[in-house]
Amino acid sequence: MKNQSVNYRLVIVVFWIALLIAGVLGVAPLIPPAPSSELDKSAFTVAQAFEHIECIAQEPRPIGSSANQKVRAYIIAQLQMLGLEAEVQTSEAKDYYGGSTEIVEIGNIVARIPGTAPTTAVALVSHYDTAPSTPGANDDGSGVAIMLEAARAILAGQRLHNDVILVFTDGEEPAPRFGSSAFIAEHPLASDIGFVINLEAVGSGGQSTMTEMNGPGRWIIDRYIEAVHYPAAFSFLTTTVELIGGSNTDFATFRDEGIAGVELTYLRGSPIYHTPDDIPERVSLRSLHQQGANTLDLTRYIGNLELIPSLEDSDAVFFNIGRFSVVRYPITWALPIAILAGVALLVAGWLQRAWLRILRSVASTVIMIIGSVVMAVGIWTILAGQRSTMGVAESYLYLAGLFVLTAGIGIAVARVLRRQIGEQADATGVVIVWWVLGLITAILAPGMSNLFVWPALAGGVALLWQASPVANLRWQPILSGMIIGIALVLLIPAIDTFYQFAQPRPGNLDSQILSTIAIPIVLLALVVELFRVFWVHPTGYIDHIHRTPNLKE
């Protein structure tokens, strides 16, 4: 008996270790890598990029301002120092911020790095103008700095097969996107572009992630994964951006013209967006390094391809597992996976023969989620209004508090509504809620379906096994660890990303939607409920094994 207890405790230890590993794998892609001490002259050097930011982001530089013209001259001088010919494409636009009919000059800076035998061109795009309220060290001084440093690194290395076109746009901040619109409409190099990489920043740090793509989806994500050293790519994010109509950045101008490409962005710390606090000291060197290194890697990879396929291609579901691994599969698999999970749950429910109790569990889970969302939205709206300039660490303390609130509501609902439901029926009801969300997203937004269908499939298989005559509950901790672990790996990045969307943005109220806190709270509530029905309490588990004779052998 003593040896059996030791074995059971070992299984439980494995359960908690599995959860710890899953948590690490979920968090890892959210932490940008530390800048390397690379001595290769053809590598991206974050220190040199940051020097550009310090020169660029000394004051606001809205269209038509003297500061704008000063930065324009700086960029031209830097390109000329690299041996490139910098052209200024000028156009005129209404003074968007002046509130009058005054006309100001818009000046795009365009330079070309010639390839050895070009069949197409890769365009790097960022904007050097800012809103009147901000020095724009991150938005988009970081993008300008990355492009200048990437150009230096490309010229210091082996020449690429294709041309690289550098487009530093002016007038991106006003909604009409004056600069990129003029470039696409009037510049002769625009027709040569086969792939565009647009660089943006909405905060002070966080992982550099692909926020939007256009073109052959599976081809793009495959090339991105093959090219970059520090991938961070989630189809739930690109799908979300697509559902809201795309980003209102220079990328939209190229996207609407049918040019394939990606937008790389970092999002954390967005309360400084368009405020005087967006200064060089608030730029994360880790984020700058990841965004810059990935931009250089992808530019070199695409720059050495002979042909970019047409836009006719299927999309993919993709997501990080850890920092360096990205899983992807055809988007057409989303619905079959959801159906498979549904079949497993249907059979498990039939074996349990407890449909009324299962439905009570479903209803209780929905009530718990709604209650958590209502409480969290109310608290967050008040809190964000009072602390609109919260720092990154402070914001995560609030997220921890919202998690505790959600867990507390889950415990309260369980005590009031889940009495006499039964463990298996309760677990089945919770997994059914996951599955319903998975089925809906598999049909309407398949790029988001992986968040729900994989935990639902794992839960359905586990419940089916538990209900079978051959079940051996001594291995229950292993199954539970697998189910909760899968959910943690998939949902931690999603919770963090949607939490960034819900941050206050006092410098740009048009992009502030505090009610989107509901999305990370729904995801937190789902994880809380999954943990509640599948977690393994050491004492209870061992006592249960000992009380069940047919499980001892």
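Tutor: Ser325 is partly exposed, at 36% relative accessibility. Partly exposed lies between buried, under 20% relative accessible area, and exposed, over 50% (1.4 Å probe, protein chains only).

Student: What kind of model is this?

Tutor: This is a predicted model: local features need pLDDT of at least 70, side-chain atom pairs count only at pLDDT 80 or more, and totals for chains, interfaces and linings use all residues. Residues are numbered from 1 along each chain as its sequence is written, and side-chain values use heavy atoms, with hydrogens and water left out.

Student: Which residues is Ser325 in contact with, leaving aside neighbours within four places in sequence?

Tutor: Phe319 and Asn320. Contact means heavy atoms within 4.5 Å.

Student: How far is Ser325 from Pro29 in space?

Tutor: 9.1 Å, C-alpha to C-alpha. In sequence they are 296 residues apart.

Student: New topic. Is Asn294 buried or exposed?

Tutor: Asn294 is buried, at 1% relative accessible area.

Student: What does Asn294 touch?

Tutor: Not counting residues up to four places away in sequence, Asn294 touches Ser208, Tyr224, Val228, His229, Tyr230 and Pro231. A polar atom of the Asn294 side chain lies 2.8 Å from the backbone oxygen of Tyr230.

Student: And the lining of the largest pocket, by class?

Tutor: That lining has 27 nonpolar, 13 polar and seven charged residues. Here Ala, Val, Leu, Ile, Met, Phe, Trp, Tyr, Cys and Pro count as nonpolar, Asp, Glu, Lys and Arg as charged, and the others, Gly among them, as polar.

Definitions and conventions
Polar contact = N/O pair within 3.5 Å; in protein donor to acceptor, adjacent residues only side chain to side chain.
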